[in-house]
Structures are given as C-alpha cells and as structure tokens.
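Have the sequence and the 3D view open as you read.

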Amino acid sequence: MDTPLDERERITNESINQAIGYILSHAEEELTLEQVASYCHFSKFYFSRLFKAQTGESVYGFIKRTKLEQSAFRLKTEERPITEISADFGYSSSNYSSAFRLHYKMSPVEFRRGSWQHSFAHPFFHQESWQAESLKECRQKVCVVEIPDFQVLYERRFGSYEGLMRDWTIFLEKYGNYITRETKFLELTHHDPAVTEPKRCLSDICLTVDKDCPLENTRRIGGGRCAVYHFQGHMKHIYAAYQTLFLVWLPGSGFELDNSRSLFDLYHLVDVSKYYVEMNICLPIKKSHF
C-alpha cells in the first residue's frame with residue numbers, strides 16, 4: 001500500500017518535478033505510466049521506481065488521487081451536476097462514486113453537502129475557526145489583473161503546509177547569494193488542505209532569478225489573468241482567506257480556475273516574530289463555460 005511521507009520532504013529530482021507538474025495540469029486527460037515516463041524520457045520501469053522513491057506514491061496512485069482531488073475541489077466550488085464533473089476526469093457515474101467513496105469515505109453527494117462545514121475546520125491551528133465573508137465583502141478585496149511570468153529558483157516539497165516557515169528559513173539560507181533588492185518571493189500551494197490530506201499536500205517555495213541562473217532547479221511560473229486577493233494579518237488567517245476565495249468569490253465570479261497554471265502567493269512583508277504577513281494571493285482564472 002502506498003503511504004505518504006510523514007514529514008515535509010523535498011523532491012530533489014527535476015524529472016520527477018516535471019512529471020508531477022505534467023500530471024497536475026493534465027488531470028482531465030487519460031494519463032498512463034507509459035505516457036508520463038515517455039514525457040520524462042525514461043523507461044516506465046526505471047521511472048516508476050524513481051517516482052515512488054521521491055514521492056512515496058506510485059505513479060498510478062498519484063494520478064488517481066490527483067483526479068479525485070481535483071474533482072472534489074470542483075464539487076466544492078462549482079454547482080454543475082456531479083455526473084458532469086466526474087466525466088471531466090474520465091469517470092462513469094458508478095465508477096466515480098465507488099472510487100470517490102474509497103478515497104474520502106463518503107459519497108460525492110455527501111462530500112458536496114458537507115464541503116462548507118468541512119472547510120471551516122482549520123487544518124493546522126485546530127482551535128481556530130473562521131467566518132465566511134459575504135460575496136460583496138470579498139469582491140471589495142479582489143481585483144482581476146494580468147500578472148507577468150516569473151522565472152524562479154525553487155524547491156518542491158510534500159507535507160503539511162504548517163511546516164512552510166521552517167522550509168523557508170532553510171531555503172533562504174541555502175540560496176542567500178541569489179537574493180537582491182529586486183528579488184520577489186513566491187509560494188505555490190498545489191492542493192487545498194480541506195480537500196487533500198495535509199501530509200500529501202504539495203508546495204513550491206521560490207525566489208525570482210535571472211533566466212541565465214546556472215542551477216537546475218529553476219522554472220517559469222506562468223502569469224496571465226489572475227484574481228488577486230491582498231492579504232495582511234496573522235499567518236493563521238491565510239487558510240480562511242483561501243477558503244473565502246474558493247467558497248464565496250469563485251462560485252459567484254463568473255470565472256473558474258485555470259488548471260493549466262499554478263496558484264501562488266506573492267510575499268511583500270513577513271514578520272516571523274509576530275507571525276504577520278502581507279502578500280497577494282493570486283488565483284489563475286479563466287472565463288467560466290458553465
């Protein structure tokens with residue numbers, strides 16, 4: 001049985017990072033081990049062993065989980081029929097219900113019905129709860145703008161987002177020579193911890209660099225149209241800001257997430273001693289077709 005890594009572990013192999021990015025952005029397509037291995041120019045046998053060693057999951061397990069979790073996020077944020085959402089990811093109605101129940105221990109209907117209540121439970125600060133803002137209040141804090149692309153130096157990790165502060169400290173000490181006055185600091189969170197088990201959440205911590213940076217672990221973060229929510233406050237309230245965007249703003253916005261791009265935080269100020277943060281939460285969006 002596949003087991004998640006118990007602590008936040010860095011994915012060190014860039015081919016595996018590319019494979020993860022490919023799977024996340026192509027989850028609506030039919031994906032196979034052979035296809036992903038070919039994308040990374042490896043034999044399926046070698047690639048399968050390497051992927052399991054780096055992530056703690058089989059390629060097949062990661063693909064299946066990604067499809068179910070992305071579909072669960074749509075159940076949470078969209079009002080479309082469950083059959084349409086399951087079809088997005090190649091499931092028939094009966095197969096989807098069985099696979100979903102096996103993963104979440106509840107049916108898609110039960111998950112959708114309880115998504116608000118479940119999302120109100122803070123995954124890290126367990127004594128904290130939050131209240132949703134109204135759509136009017138949320139719209140006053142969100143602007144839709146065009147964001148530029150960013151060339152970044154990054155490290156990708158699996159594990160609870162609760163450990164990100166420690167990871168940032170290690171990351172900045174390691175790459176301090178690449179930091180200038182113009183450097184921007186970004187954090188990509190690839191999963192909603194209200195949908196994905198915290199131990200399985202995936203994140204990238206990044207700083208901007210020149211395109212000629214000699215290190216292997218560089219990538220481009222695509223910009224484009226984004227919904228930008230300016231957050232300032234205690235770190236424990238970041239989760240509430242995200243859930244407000246997902247549950248309140250997004251369903252009433254006329255937009256949907258653009259899954260071909262990553263959502264990210266762009267930091268402006270961090271006071272670790274007070275757990276105070278000022279940042280922009282940037283959701284890549286496109287006009288909804290539904």
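Let's start with α4 and α7, which are roughly perpendicular to each other (angles of 65 to 115 degrees; under 35 is roughly parallel, over 145 roughly antiparallel, the rest oblique). Their axes sit 9 Å apart at an angle of about 70 degrees. Axes here are lines fitted to C-alpha atoms, for helices over the stretch in contact, with angles from 0 to 180 degrees between N-to-C directions. Helices are DSSP runs (H or I, at least four residues) numbered from the N terminus.

Who touches whom? On the α4 side Ala72, Arg74, Leu75 and Lys76 make the contact, and on the α7 side Pro108, Phe111, Arg112, Ser115 and Ser119 (contact means heavy atoms within 4.5 Å).

This is a predicted model, in which local features need pLDDT of at least 70 and side-chain atom pairs count only at pLDDT 80 or more, while totals for chains, interfaces and linings use all residues. Residues are numbered from 1 along each chain as its sequence is written, and side-chain values use heavy atoms, leaving out hydrogens and water.

α7 also meets α6: their axes come within 9 Å and cross at roughly 55 degrees. That makes α6 oblique to α7. Tyr96, Ser97, Phe100, Arg101 and Tyr104 of α6 touch Pro108, Glu110 and Phe111 of α7.

α4 packs against α10 as well, at about 65 degrees with the axes 8 Å apart. That makes α4 roughly perpendicular to α10. Here the contact pairs Phe73, Lys76 and Thr77 of α4 with Gln243, Phe246 and Leu247 of α10.

By residue class, the contacts look like this (Ala, Val, Leu, Ile, Met, Phe, Trp, Tyr, Cys and Pro are nonpolar, Asp, Glu, Lys and Arg charged, the others, Gly among them, polar):

| α6 with α7 | five residues | one residue | two residues |

Now the second largest pocket. Its lining has 25 residues, with Arg65, Glu69, Leu102, His103 and Tyr104 nearest the centre. α4, α6 and α7 each supply at least two lining residues, and α4 gives the largest share, six. The lining splits into ten nonpolar, seven polar and eight charged residues.

How far can you trust it? The chain averages a pLDDT of 91, and 97% of the residues score at least 70 (pLDDT is the predictor's confidence in each residue, from 0 to 100). Over residues 1–6, though, pLDDT stays under 50. Where pLDDT is low, the predicted coordinates should not be read in detail.

Notes:
On a 1 Å grid over the protein atoms alone, a cavity is a set of points where a 1.4 Å probe fits but cannot get out, and a pocket is an open set with protein on both sides within 12 Å along at least five of seven lines; lining residues have an atom within 4 Å of a point.
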